[in-house]
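I opened my notebook today to look up a few things in a structure. Here is what I went through, entry by entry.

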Amino acid sequence: MKGKSEQRAGLLYGVGAYGMWGLVPLFWPLLRPSGAIEILAHRMVWSLGVVAVALLVVRRWAWIAELARDPRKLGLIAVAAATITVNWGLYIWAVNNGQVVEASLGYFINPLVTIAMGVLLLGERLRPVQWVAVATGLAAVLVLAIGYGRPPWISLTLAFSFATYGLVKKKVNMGGLESLAAETAVLFVPALGFLLWLTATGESTFTYGGAGHGFLLAATGIVTAVPLICFGAAAIRVPLSTLGLLQYLAPVFQFGLGVLYFHESMPPERWAGFALVWLALSLLTWDALRTARRNRALAAELLATAAAAPASATPTAATPTAATPAAPLPDPAQQKIT
């Protein structure tokens, strides 16, 4: 019962995290007349404060000394901070400039971009269905470029920046709170310096926009940290394959808001492009679920073989048995694309 209740709680945390990320386009317009760069700077500054409080509550500080002694990780953290700065800043600008639908497209195609980067940068091999999905995604981008009259640069920049961020985070291998704290610490000084400069020149909306506006700018730290905390709570309770499916909630909500709430234009060619993207993601999801089932069946077969082996049999170097596999099967969601 405890396992089922934990999984149920994890599912709720996951839905909450991706639901909040999906509804965040409703928040950024509330911060007008602040510009995207000022909002981004406040997000960096206040996020560090919120995450520091969270770390203080859970008493996780040992990682700071370890990180300080590892120049390679520090360099990767700096790269992660730079890529997430581009991602956050462009997303805020896109939402506040009537481009919510195109921004949502960036997170729809992000899995396809991640796969492409795995092939190009890590030499990973794709299964046939994955090749079809990537080709379908490329066709979708071409159709959307025709529909927009230009390449969907907002979507592509968001997708590539977030895919790069994910790749670097994988190399860093730190917890969500810890990595966010490190990244915002890198960004804190330039962000704070920019905000002080705005104040000195009389351009800051934080000090001249009223108490309510100042509170909303400070709330960017909460808007950033709370979904991440929920995601962390979900990640330890449900399989990563489940989180992989839940990730589509965010762009679905964003797309729905763009069309139904912000009333952004969706001509036929744009619908066609999005339909191709959704087809590609459906193929990826089907292939991932099929592979996960196959791996679970293989694991069950190995366990059954091990249980059926005679108890008196003594494995030797010359006669290996299925009861002594060289290594446990990896979690399907953590495998490389093969």
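**Entry 1: a helix pair.** I looked at how H6 passes H14 and found a left-handed crossing (left-handed if the near helix is turned anticlockwise from the far one by less than a right angle, right-handed if clockwise). H6 covers residues 128-148 and H14 covers residues 268-308; their axes come within 8 Å and cross at roughly 165°. Axes here are lines fitted to C-alpha atoms, for helices over the stretch in contact, with angles from 0 to 180 degrees between N-to-C directions. H6 and H14 are therefore roughly antiparallel to each other, a label for angles over 145 degrees. In the contact of H6 with H14 I noted 17 nonpolar, 5 polar and 4 charged residues. Asp, Glu, Lys and Arg count as charged, Ala, Val, Leu, Ile, Met, Phe, Trp, Tyr, Cys and Pro as nonpolar, and the others, Gly among them, as polar.

**Entry 2: a note on the model.** This is a predicted model, where local features need pLDDT of at least 70 and side-chain atom pairs count only at pLDDT 80 or more, while totals for chains, interfaces and linings use all residues. Residues are numbered from 1 along each chain as its sequence is written, and side-chain values use heavy atoms, leaving out hydrogens and water.

**Entry 3: the whole chain.** I found 14 helices and 0 strands in the protein chain; these are DSSP runs, H or I of at least four residues for helices and E of at least two for strands, numbered from the N terminus. Buried residues make up 41% of the 338 residues, where buried means under 20% relative accessible area with a 1.4 Å probe, protein chains only.

**Entry 4: the cores.** Which residues touch the most other members of the largest nonpolar core? They are Val-51, Leu-55 and Trp-63, out of 28 residues. Such a core is a set of buried Ala, Val, Leu, Ile, Met, Phe, Trp, Tyr and Cys residues joined through side-chain atoms within 4.5 Å. Its largest share, 8 residues, comes from H8. A second, separate core of 24 residues includes Val-101, Phe-108, Ala-133 and Ala-140.

**Entry 5: Val-24.** I found Val-24 in the loop between helix H1 (2-23) and H2. Is Val-24 buried or exposed? At 11% relative accessibility, Val-24 counts as buried. Leaving aside neighbours within four places in sequence, Val-24 is in contact (heavy atoms within 4.5 Å) with Tyr-91 and Val-223. Val-24 and Thr-224 are 200 residues apart in sequence, yet 9.5 Å apart in space, C-alpha to C-alpha.

Terms used
Parallel < 35°, antiparallel > 145°, perpendicular 65-115°, else oblique. Buried < 20%, exposed > 50% of the residue type's maximum accessible area, 1.4 Å probe, protein only.
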